[in-house]
Amino acid sequence: MKLNPENLNINLRHLRALDAIAREGSFFAAAKRLGIVPSALSELVRHLEETVGAALFDRNTRPPSMTQLALTFLADTAPLLAEMDKAVVRLRQSASIEHGELKIGASPSAISEHVAPLLADFLAEKPMVRCLVYDDIAETLAQMVIEGKLDIAVAGRALHSQDLLQHELMRDDFGLACPVDDVLTRTRVKLDDLKDRVLIGLASQTGTQQLLVDSDLPRELLDTRIKAHSTIAQLCMVRAGIGLALLPQNAVNLFNDPKISFVPVSDFQLQRKLYILEPKNRGLSPLARAFADKIRASRVE
C-alpha cells in the first residue's frame with residue numbers, strides 16, 4: 001500500500017498527546033504525565049490541527065474539551081497505541097534476556113547432571129549474559145533466593161516457607177558410594193552388610209542427612225563416626241578409602257569418578273527429590289524467567 005505523504009506529518013507523539021489529554025482531563029496534567037512543558041504540548045496539538053485542517057478542541061470551554069472529531073480519531077488510534085506499548089514491552093524484555101547477570105544456586109549434586117548442561121546451552125545462545133553459580137545446602141540456597149541474593153536455585157526441598165515456591169524437577173534413588181575395588185561392588189548389598197563398615201555421614205543441617213534421619217534406616221547406621229559438611233567432602237573421603245556413604249545416585253556420580261561406584265542397597269528404598277526454588281513474593285527478571293522455564297522444560301518424570 002502506498003503511503004499518503006500528508007499522513008507522515010502525524011506521528012506517535014501527536015497520538016500520545018491526545019491520549020494523555022483525554023486521560024488526564026487537562027493540558028497541564030497531560031504535560032506532566034508526558035514529561036514535557038505545557039507549551040510544548042500545546043504546540044503538538046496545534047501542529048496536529050493544522051495537519052488535519054480542523055479544530056480538535058473546543059477552546060470556548062474551560063478546560064478546552066475535545067471535539068467529536070478528536071474523540072473519533074482517539075478511538076480509531078487507541079488500538080495502535082496499545083499494540084505499540086505491547087511491542088515496546090516485548091522489545092525491552094527481549095533485550096534484557098540477551099544482557100545482564102543470572103544468579104543461580106544449586107546443590108553440588110544438581111550442578112553436573114542437571115544445571116550445568118542446561119546452563120551451557122543457555123549461555124551459548126546468549127554470549128552477553130554473565131552468570132554466578134553458588135553451591136550450598138538447600139536451606140542456605142532457599143534463604144538466598146528469598147533475600148534476592150539469588151534469582152533461583154535447584155536443590156533438595158527446603159523447610160516450608162511462605163516466601164518460597166518449590167516445584168519438583170526430578171528424583172533419584174539412594175544407594176551406596178564405595179571405592180570401585182570394594183568387595184561390595186560385586187555382591188547384592190543389604191543394610192546388614194554395612195554394620196561393620198565405616199560410614200561417612202553428613203552434617204545434620206543438610207537435606208540429604210535429614211532424609212536419612214526421617215527414613216527407616218537403622219539408628220546405628222545414622223550415628224556415623226565421620227561426618228562431612230558437603231557431598232564433595234564425602235566423595236573425597238570415599239575415594240581415599242576412608243569409608244562408605246549413603247547418597248543419592250546423582251550425588252555419587254557427581255564427578256563420574258572411575259574410582260567410585262554407586263551400589264544399590266536392596267532392602268533400603270529411599271529417594272531424594274530435586275526442586276526449583278523461586279521467590280514467591282518477587283517476580284523474576286526476564287533473564288531468570290527464561291532460564292527457569294528451560295529448567296522446567298527439562299523436568300524428569
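Me: Helices here are DSSP runs of H or I with at least four residues, numbered from the N terminus. With that settled, what follows α2?

Reply: This is a predicted model, to start with. In it, α2 is followed by G35, and the phi of G35 is positive, near 80°.

Me: Which residues of α2 are buried?

Reply: Helix α2 covers residues 27-34, and its buried residues are F27, A30 and A31. They sit on the same side of α2, because they cover an arc of only 100° around the axis.

Me: Staying with α1 for a moment, is D19 buried or exposed?

Reply: D19, which is found in helix α1, counts as buried because its relative accessible area is 18%, and the cut-off for buried is under 20%.

Me: What is D19 in contact with, neighbours within four places in sequence aside?

Reply: L74 and L81 are in contact with D19 once those neighbours are left out.

Me: New topic. How many aromatic pairs are there in the whole structure?

Reply: A search of the whole structure turns up two aromatic pairs. One is formed by F27 and F57; it is edge-to-face, with 5.1 Å centre to centre and 65° between the planes. That pair links distant parts of the chain, since F27 is in helix α2 and F57 in strand β1, 30 residues apart.

Me: Are F27 and F57 buried or exposed?

Reply: F27 counts as buried at 16% relative accessibility. F57 is buried too, with a relative accessible area of 3%.

Me: What forms the other pair?

Reply: F122 and F291 form an edge-to-face pair, with 5.1 Å centre to centre and 65° between the planes. F122 lies in helix α5 (residues 108-125) and F291 in helix α11 (residues 286-297), so this pair ties together parts that are 169 residues apart in sequence. Both F122 and F291 are buried.

Me: What sits over the ring of F122?

Reply: The charged end of K126 does, at 5.3 Å from the centre of that ring.

Me: And over the ring of Y275?

Reply: There it is the charged end of R157, 5.3 Å from the ring centre.

Me: How far is the C-alpha of H167 from that of L277?

Reply: The two C-alpha atoms are separated by 6.8 Å, although H167 and L277 are 110 residues apart along the chain.

Me: How many cavities of 30 Å³ or more does the structure hold?

Reply: The structure holds one. The volume of the largest cavity is about 100 Å³. It is lined by 14 residues, with I200, G201, L212, T224 and L246 nearest its centre.

Me: Which element gives the most to that lining?

Reply: β7 does, with three residues.

Me: What is the phi of N256?

Reply: The phi of N256 is positive, about 50°, although N256 is not a glycine. N256 is in the loop between α10 (249-252) and β10 (260-263), and it is exposed, with a relative accessible area of 56%.

Methods. Residues are numbered from 1 along each chain as its sequence is written. This is a predicted model: local features need pLDDT of at least 70, side-chain atom pairs count only at pLDDT 80 or more; totals for chains, interfaces and linings use all residues. Side-chain values use heavy atoms; hydrogens and water are left out. Buried means under 20% relative accessible area, exposed over 50%, partly exposed in between (1.4 Å probe, protein chains only). Helices (H or I, at least four residues) and strands (E, at least two) are DSSP runs, numbered from the N terminus. The arc is that of the directions from the helix axis to the C-beta atoms. Contact means heavy atoms within 4.5 Å. Rings of Phe, Tyr and Trp (its six-membered ring) pair if their centres lie within 6.5 Å; planes under 30 degrees apart count as stacked, over 60 as edge-to-face and the rest as tilted. A charge sits over a ring if NZ of Lys or CZ of Arg is within 6 Å of the ring centre and within 35 degrees of the ring normal. On a 1 Å grid over the protein atoms alone, a cavity is a set of points where a 1.4 Å probe fits but cannot get out, and a pocket is an open set with protein on both sides within 12 Å along at least five of seven lines; lining residues have an atom within 4 Å of a point. Grid points are joined across faces, edges and corners, and a volume is the space filled by probe spheres set on the points.
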